Amino acid sequence: MEFTAIDYTIFTLLLVLSLAIGLFYALSGGRQRTVQEFLLANRSMGFLPVALSLLATFQSAVAILGVPAEIYRFGTEYWFLGCSYFLGLLIPAHVFIPVFYRLQITSTYEYLELRFNKTVRIFGTVTFIFQMVIYMGVVLYAPALALNAVTGFDLWSAVLTIGLVCTLYTTLGGLKAVIWTDVFQTLVMFAGQLAVIVVGAQRVGGMARVWRVAEQEGKISGIDLNPDPYVRHTFWTLAFGGVFMMLSLYGVNQAQVQRYLSSRNERQAVLSCYAVFPCQQIVLCLSCLTGLVMFVYDREHPLVTGVSSDQLVLYFVMDVLKDLPGLPGLFVACLFSGSLSTISSAFNSLATVTMEDLVRPHCPGLSESRATQFSKLLALGYGLLCLGMAYLSSKLGPVLQAAISIFGMVGGPLLGLFCLGMFFPCANPAGAIVGLLAGLAMAFWVGIGSLVSSMGAAGGAPAANSTAPSPDANLTATLAATLLTPTAAPQSPTGLQKFYSLSYMWYSAHNSTTVIVVGLLVSLLTGPTKGTAVDPRTIYPVLPRLLCCLPPKWRRWLGCGVPLPAQAAGRPELTVTEKGPRVPNGVAADVVPRAEEEQGYVRTAGPPAYALQETSF
């Protein structure tokens with residue numbers, strides 16, 4: 001179908017308003033003149049905009065197309081993923097956020113230097129940059145390609161327009177502009193999905209009939225309690241394997257942590273994690289209901305055949321909304337809002353880690369104004385790189401399947417690295433580096449092995465839980481299938497094929513566990529870190545807190561000798577420094593501290609010299 005002038009107007013309005021928000025924050029307030037304002041919104045954000053921004057970053061165009069396609073093909077089993085949101089958001093709220101926020105770091109990977117050393121920090125930073133650079137071009141190009149195939153919407157006009165608008169408002173307005181455009185784009189996404197559900201359900205006799213027909217056709221799934229980790233979707237796979245996936249996104253991912261750190265205080269950061277929980281449930285429900293409505297609509301008004309399931313979502317939307325001018329444009333705006341929010345988060349987080357982890361440590365004399373200008377140039381540079389990666393995506397062909405898979409492979413090992421540092425005081429830098437490399441090796445082995453196994457099954461069904469579709473799949477189907485793996489179950493595999501058929505929902509758990517186990521073994525073999533040499537602020541004492549009724553002596557033993565918060569507060573002379581003198585009261589002698597009294601922390605600038613300050617933590 002062809003777009004009308006009203007549809008193009010609504011789509012253009014999305015871009016204009018997004019750009020206007022960026023210009024507003026570029027010309028108001030502090031005008032993005034400091035690094036803290038540009039990268040952390042001056043730590044002034046309330047919990048609600050932060051929560052909606054967290055949601056928008058998670059809800060990419062891939063999910064808008066992929067989840068309804070999953071429900072259409074396999075039923076509502078995927079809906080149980082919502083059970084994982086509880087622990088997947090509760091743990092970040094009460095474990096990761098307090099540690100990160102009270103350290104007053106800007107980049108998540110600063111934590112790794114505080115806990116281990118600079119080398120571990122560089123390893124973590126480079127891994128994250130590699131992950132995001134590969135991903136951001138694909139997430140821009142693939143939805144545009146699907147839209148072009150279905151609607152005739154010009155491919156490169158869409159890619160260039162979205163990429164340039166996103167680059168401009170991110171570069172001009174900083175994180176505050178990114179967060180507020182995310183809020184606006186989240187509302188657009190809600191409106192677009194709701195319009196499709198309401199109109200589609202009305203055309204097939206109402207939502208009650210949709211549910212009744214779906215139930216009759218076996219699309220309403222019951223609770224499958226099969227504990228087999230090789231079964232693609234079961235209750236345990238989704239509800240518990242999904243927790244590790246959520247932790248890799250909401251616990252340690254720079255794009256999300258940066259939003260927590262932009263909150264005006266720790267309480268607001270924790271509230272943002274609570275507030276995103278019902279929002280996530282609503283989004284999941286809307287996507288699943290879209291899939292059910294599409295299934296019933298397709299039975300009564302057959303759609304095109306021989307296309308990928310994600311393209312079928314677009315055909316369904318355009319067919320349902322074709323008689324309502326403006327609504328197809330609203331859904332396109334909804335789709336590209338998902339892309340905008342995800343890409344802008346990538347630009348900003350990449351600029352942050354590059355500035356804080358790679359530039360500033362090597363340029364300690366960099367002035368605030370120069371650092372701010374350089375941060376803006378980094379955001380601009382990553383925006384242009386995104387367009388280059390989008391062009392490269394169009395040339396990759398089958399290799400693109402592996403490129404997309406990389407994004408999912410890296411999250412688990414990074415989660416394992418942070419958990420190793422935060423929960424195991426005995427872990428040392430050598431264990432952290434070897435553990436991360438082992439986790440990445442395991443992730444690439446399983447992920448690419450599954451991909452190659454799937455592609456090698458000539459004429460057959462892909463591997464049961466493969467992260468890749470068949471070689472002749474449409475590019476966008478590749479993206480959706482990689483992240484959501486809507487594949488059919490084949491014959492029971494054996495040997496390495498069995499290993500490669502591990503459910504993709506367990507990938508984060510499997511890879512993060514590899515990092516922890518290998519990291520602990522190497523640490524024990526090379527000499528574990530002594531508890532007295534660990535900064536207590538970088539540790540979350542899991543066992544001492546879970547077993548708080550034990551005698552203090554036992555709790556100290558469980559904490560590997562690291563002072564518990566109450567004990568640390570009574571030891572203001574304790575310092576943990578990599579460089580610089582041991583100083584009283586936790587303030588480095590050669591730097592000017594920045595402190596917020598109500599949080600009880602001191603964050604120092606300059607060379608890495610970290611010390612313990614009396615703290616309520």
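Entry 1. I count a residue as buried under 20% relative accessible area, as exposed over 50%, and as partly exposed in between. I keep in mind that the model is predicted. I looked up Leu 327, which lies in helix H14. Its relative accessible area is 22%, so I put Leu 327 down as partly exposed. I then checked Leu 327 against Ala 191: the two are 136 residues apart in sequence, and their C-alpha atoms are 9.7 Å apart in space.

Entry 2. I turned to helix H14 itself, residues 327-359, and to helix H8, residues 155-203. The axes of H8 and H14 come within 5 Å and cross at roughly 140°. I noted the crossing of H8 past H14 as left-handed. What kinds of residues make up the contact of H8 with H14? I found 21 nonpolar, 13 polar and 1 charged.

Entry 3. H15 gives the largest share, 5 residues. I picked out Leu 384, which is found in H15. With a relative accessible area of 48%, Leu 384 is partly exposed.

Entry 4. I went on to the salt bridges, and the count comes to 12. One of them joins Arg 121 to Glu 113, with the closest N and O atoms 2.4 Å apart. Are Arg 121 and Glu 113 buried or exposed? I found both of them buried. I also noted a network of salt bridges that links Glu 113, Arg 121 and Asp 357.

Entry 5. I looked up Arg 299, which forms a salt bridge with Glu 217; the closest N and O atoms are 3.2 Å apart. This pair links distant parts of the chain, 82 residues apart. Arg 299 is in helix H12 (residues 266-300), and Glu 217 is in the loop between helix H9 (207-216) and helix H10 (235-250). Arg 299 has a relative accessible area of 43% and is therefore partly exposed. Glu 217, at 41%, is partly exposed as well.

Entry 6. I ended with the salt bridge of Glu 368 and Arg 360, where the closest N and O atoms are 3.3 Å apart. Glu 368 is partly exposed, with a relative accessible area of 37%. For Arg 360 I noted 25%, so this residue is partly exposed.

Notes: Residues are numbered from 1 along each chain as its sequence is written. This is a predicted model: local features need pLDDT of at least 70, side-chain atom pairs count only at pLDDT 80 or more; totals for chains, interfaces and linings use all residues. Side-chain values use heavy atoms; hydrogens and water are left out. Axes are lines fitted to C-alpha atoms, for helices over the stretch in contact, and angles run from 0 to 180 degrees between N-to-C directions. Helices (H or I, at least four residues) and strands (E, at least two) are DSSP runs, numbered from the N terminus. A crossing is left-handed if the near helix is turned anticlockwise from the far one by less than a right angle, and right-handed if clockwise. Ala, Val, Leu, Ile, Met, Phe, Trp, Tyr, Cys and Pro count as nonpolar, Asp, Glu, Lys and Arg as charged, and the others, Gly among them, as polar. Buried means under 20% relative accessible area, exposed over 50%, partly exposed in between (1.4 Å probe, protein chains only). A salt bridge is a side-chain nitrogen of Lys or Arg within 4 Å of a carboxyl oxygen of Asp or Glu.
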